[in-house]
Amino acid sequence: MMNDDLKEKLNTREDQGMLRSLKYTHGLVDFCSNDYLGLGRDPGILAEACAQLSGHAGLKNGATGSRLITGQSPWIEALEEKLAGFFSMDAALLFNSGYMAMLGVVSTFPQKGDTILYDENSHACVKDGIRLSLADRYSFKHNDLVDLERRLKKTKGQPYIITEAIFSMDGDLCTLTKINELAEKYSARLILDEAHSIGVVGQQGQGLAHESKVKPWILIPTFGKALGVAGAAVLGAKEIKEALVNFSRPFIYTTAPPPIVVHSLNAAIDRLIDGDKIFESLKSRIQWFKREVTRLLIPGIVLQDYAIQSMVYPGNAACRALAGHVQEEGYDVRPILSPTVREGTERIRICIHAYNTRAEITGLLESIKNHIESQP
């Protein structure tokens, strides 16, 4: 059979407890989505976007082409100007996702003879983008400034440093101010992924760079998480935007975002600007989670100050069983298994949201504790 090799690989992955599948859950309390502020379920954002769209006669359902063909519009231009101002950067370029934005940046700028240094805990989009670059590449130990400087001393060509503001698996912050100091010391170009910090860090959710008064060479905020919509932007100097328009294949050959996404993003940014109440709601839920973990003495959870919390529970089978038990009791959490994370660091990734109640948070943690205590 033509597909026997594929079946064999899938069977092997299933035997190892690593087989992925697509699942739809309904009716469970959400502790796994990245919709930290609840904007993804805010009917007002869709209503505002539709109201903006209804005023434009002949507007299409889709972009109908790339930005360089038929996908450009005055609404995208206005949104990019708004994003540049909101994040205090010179220019912004809209991409369809954070993954594509990172691929677009890393495959375009570092050239043969240059050096990329990236945190070992970086998201897959960073590692996949690096594969498209001809530059030398080395990981540095997670948030380890000594290891980063050791590698900076040995770089060739133009050095690039890539890190995340909040890391997607552990929920911890990068040491941004210190990393930026090293970037300046060694004339390195700092690329910061703000995927999980936008809407979460800072008075208006502008992220870690804005809060820390650090201006990286490139800033990449994504909009499918706390903003609840889709897409991402690359922010930096105007020359960076122009270079991406001319040389970035993931931008040049991708259909532009449809008008409904552009207008929904515009409405979501307005929510951040006026969003004190939702920020305070999220902060109070995180504090309640930390209090309850401490009260219940649940092992394996390294408490963080932001929305992502992780409970390390080694072993794919054991981690699946824990997640299954919690789901049966009505709480939607997902196991993060190897090879997505290193073997032995499998975990339950818990996302706290502004709309989670205290009772739901306590119920989730009690369910976890009951399962752990029931194990031989």
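Residues are termed buried under 20% relative accessible area, exposed over 50% and partly exposed in between, with a 1.4 Å probe and protein chains only. The model is predicted: local features need pLDDT of at least 70, side-chain atom pairs count only at pLDDT 80 or more, and totals for chains, interfaces and linings use all residues. Residues are numbered from 1 along each chain as its sequence is written, and side-chain values use heavy atoms, without hydrogens and water.

**Exercise 1. Classify F109 and W217 by accessibility, then describe their ring pair.**

Step 1. F109 has 12% relative accessibility and therefore counts as buried. W217, at 24%, counts as partly exposed.

Step 2. Rings of Phe, Tyr and Trp (its six-membered ring) pair if their centres lie within 6.5 Å; planes under 30 degrees apart are stacked, over 60 edge-to-face, and the rest tilted. The structure holds five aromatic pairs. One of them joins F86 and F87, whose centres are 5.0 Å apart and whose planes meet at 80 degrees, so this pair is edge-to-face. Both F86 and F87 are buried.

Step 3. F109 and W217 also form an edge-to-face pair, with 5.1 Å from centre to centre and 80 degrees between the planes. This pair links distant parts of the chain, 108 residues apart: F109 lies in the loop between helix 4 (98–106) and strand 3, W217 in the loop between helix 8 (208–212) and strand 7 (218–220). Helices (H or I, at least four residues) and strands (E, at least two) are DSSP runs, numbered from the N terminus.

Step 4. Ring pairs link F109, Y160 and W217 into a cluster.

**Exercise 2. Determine how strand 13 is enclosed and which strands it pairs with.**

Step 1. Five of the five residues of strand 13 (residues 347–351) are buried, so the strand is largely enclosed by the rest of the structure.

Step 2. In a regular strand, side chains alternate between the two faces of the sheet. In strand 13, R347, R349 and C351 are buried on one side, and I348 and I350 are buried on the other.

Step 3. Two strands pair if DSSP finds at least two bridges between them. Strand 10 (residues 308–312) runs antiparallel to strand 13 and is joined to it by five bridges; V312 has R347 as its bridge partner. Strand 12 (residues 334–336) is likewise antiparallel to strand 13, with three bridges, and R334 stands opposite R349.

**Exercise 3. Identify the buried residues of helix 6.**

Solution. In helix 6 (residues 145–152), the buried residues are D147, L148, E149 and L152.
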